[in-house]
Amino acid sequence: MKLTCLSKGSGFHFPPCYIITLCEFNILLDCPIDLSALTIFSPIPTSSYGPEDVEIPDSLLYSSEPKRRKIEKILHADDLIHAEPCYRTVTNLNLWDVSSIDLVLISSPMGMLGLPFLTQNEKFSAKIYATEAAATLGRLMMLDLVSMQKEFRQYYGTNQSEYPRWMTWEGLKLLHPTVKNIAAGENGADLGSWQPLYCAENVDKCMKRVQSLKYGEETCFNETLIIKPFSSGLEIGSSNWTISNSVRSITWLSSSIFDSAHTMNFDYHSLQGNDVIIFSDLSLLHGAPKDADGNRILPTFQSPTASDVLALRDGNVCKEEFNKSLVVDTGESLEEMDKLAYICSYAIESVKAGGSVLVPIGRLGIVLQLLEQISLSLESSNLKVPILMVSTVAKQVLDYANVVPEWVCRQRQEKLYSGKALFGHGDLIKRNNLHLFKEIHSPDFLMTFQEPCIVFCPHWSLRIGPVVHFLRRWCGDHNSLLVLEQGVDAELALLPFKPVAMKVLQCSFLSGIKMEKVQPLLDILQPELVLFPEGLRQQFPSPVTSSFSCIHYSVNEMLHLPSLRDHVTNMETELAFQLKPRRMEQESMAIARLSGKIVIHNGKYVLVSTEEPIDTSIMHLTHWGSPDSKLLLKALNDRGIKGSISQDGSILEISEPNTALIQFHPTQTIISTDEKSLATVIYEALSTVLNGI
């Protein structure tokens, strides 16, 4: 097995990406795009802020000849790229021959946004698997991106060069160092990862290639690999995957949450007993604070004591307490609800003061819960403030979210069984509190829109979509509120809208396993080998108290993994009935001769019978052991052959009917004679005193 980390990603919206090679198959794990890189582009001007209101330097327009200019150290709005946005894919994935990829596994809707870039390549023929919910939500996210990009293109026109001027070396020299660093990376390595966005037809073509599975549903790839998805608790449809064959069993452990308030909890029990764990939950790296030098400050990890681990492995009552501590004592869902309540309190204060609230749509689960909580807060405050959701796929997303009981947490399922909706959006719409619009230019929106209001709309990058219109409108209102997720570079994202008077609330939500839960989890899963990212080496060295070993991987370095177990081969029933085993006299086993061939079926090696019948007349017996010279002489006498045994018993000399010599050695018996017929009779006699098949 080989592992190559193509990208460690940068948080919830840009998960890490890998390729593993197993049984000579190349398996791609996730195919995301880095939407946070959109911040280097200037947002599209709105009707209130036309082109004359935005100062666009000639050097950054497509139609202009590039001119050298002095780059200031301080980044200004006019330093951003004024052009139709391109989208940054995984740089190292572009170095792979797409025809060599055999299988793609998707862990979340965010992990599939880059798939159309692969499927539109005629050389790409891999099978793609995702959960049913992840595939549905991923498709809607892609179509929403396409719609927002179309709006942007309508403003800038469609006669632009396929290779934007800002991507040329002359154009790059004109970019501000901050913008250039995001666009090109070190030594321009990332420049080739930028691509124009796909179209709706590309999305439809891509989704026809995706095969959906339910949690725990097993499928077999090429009769060789068994793959299964299990809930990760991160988002609706998000999953961890197991990949197994007769030699290895692998867990791909993506970002996971034990206790979720909206989606099915992390099903870690189904991951127990696999040999290898690919630990790709890098939320510990992305979410940690930075020091003055920009380095992540990771918490110190405390290993469990040997007695703790021993009690767990012995299967004592401690195991139940251990499992309970992973989920119940974390209070993860309560912690998230407290954060949502905190946001709601700020939102209520804003609308009471006459301001509006803007929530860029990012994490679907958070948005669904925030909709509920804000509605309840408005009711308890007796405020008649409309909630607007503006998105081309808003209705489809909300409708789907209320018909997926098998993908949500137990508490949500109980709501459904009691006659309530999984999420309260249906009731909100009935009460005319929630209004859904595809675009802000529609007559229905213009008739309904009033202030103050609470608006949910894409995109969280603050560069494309309806969010730009509302930010232009409210950025100068000190009573209004903007809610951003942690992980978005707020300084860069808000640059085109400065000066910003509105309040900005940036919140972080749990997006992976907490540091203190990693070691207990691994001790429950009991792998033999765990693959950690290099950035966590100090936090997770190979632990003395655990049974597993650790290997640390780095980006774009191929890791070769040792074999952990021997091949296991099964035998088909038909062949088993053909066997005629013979028990060995001094051994607790039986042995039989067979003729067959080994094939791979459902990820396992199977020994099957050959199609042609075996000619037993030409088969020779296989013998083992050392013959007893006295028993052999008696068997020869019974066949009319006379001879004598030497004094030390090492030689049997035959005198009649012809001469022959049999020599007994510890490791072999040698028969010497010139008569072929006599040799045949001696061999038959020898067979009666030896074990053979």
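Ser42 sits in the loop between β4 (33–34) and β5 (87–89). Strands here are DSSP runs of E of at least two residues, and helices are runs of H or I of at least four, numbered from the N terminus. The model is predicted, so local features need pLDDT of at least 70 and side-chain atom pairs count only at pLDDT 80 or more, while totals for chains, interfaces and linings use all residues. Residues are numbered from 1 along each chain as its sequence is written, and side-chain values use heavy atoms, with hydrogens and water left out.

Is Ser42 buried or exposed? Its relative accessibility is 3%, so Ser42 counts as buried (under 20% relative accessible area; exposed is over 50%, partly exposed in between, with a 1.4 Å probe and protein chains only). The side chain of Ser42 makes a polar contact with the side chain of His82, at 3.4 Å. A polar contact is a pair of N or O atoms within 3.5 Å; within protein, one must be able to donate a hydrogen and the other to accept it, and residues adjacent in sequence count only if both atoms are side-chain atoms. Neighbours within four places in sequence aside, Ser42 is in contact (heavy atoms within 4.5 Å) with Leu80, Ile81, His82, Phe152 and Arg463.

Next, a helix pair. Helix α9 (residues 332–352) packs on helix α10 (residues 364–380) at about 50°, with axes 9 Å apart. Axes are lines fitted to C-alpha atoms, for helices over the stretch in contact, and angles run from 0 to 180 degrees between N-to-C directions. The pair is therefore oblique (under 35 degrees is roughly parallel, over 145 roughly antiparallel, 65 to 115 roughly perpendicular, the rest oblique). From α9, the contact uses Glu336, Met337, Leu340, Ile343, Cys344, Ile348 and Val351; from α10, Ile366, Gln369, Leu370, Gln373, Ile374, Ser377 and Leu378. By class, 10 are nonpolar, three polar and one charged.

A second pair follows. Helix α19 (residues 629–637) and helix α20 (residues 676–689) pack at about 130°, their axes 9 Å apart. That angle makes α19 oblique to α20. Leu631, Leu632, Ala635 and Leu636 of α19 meet Ile682, Ala685, Leu686, Thr688 and Val689 of α20.

Helix α20 also holds Leu678. Leu678 is buried, at 5% relative accessible area. Beyond residues up to four places away in sequence, Leu678 touches Ile641, Asn658, Thr659, Ala660 and Thr673. Pro657 lies 21 residues from Leu678 in sequence and 8.4 Å from it in space, C-alpha to C-alpha.

Methods: Ala, Val, Leu, Ile, Met, Phe, Trp, Tyr, Cys and Pro count as nonpolar, Asp, Glu, Lys and Arg as charged, and the others, Gly among them, as polar.
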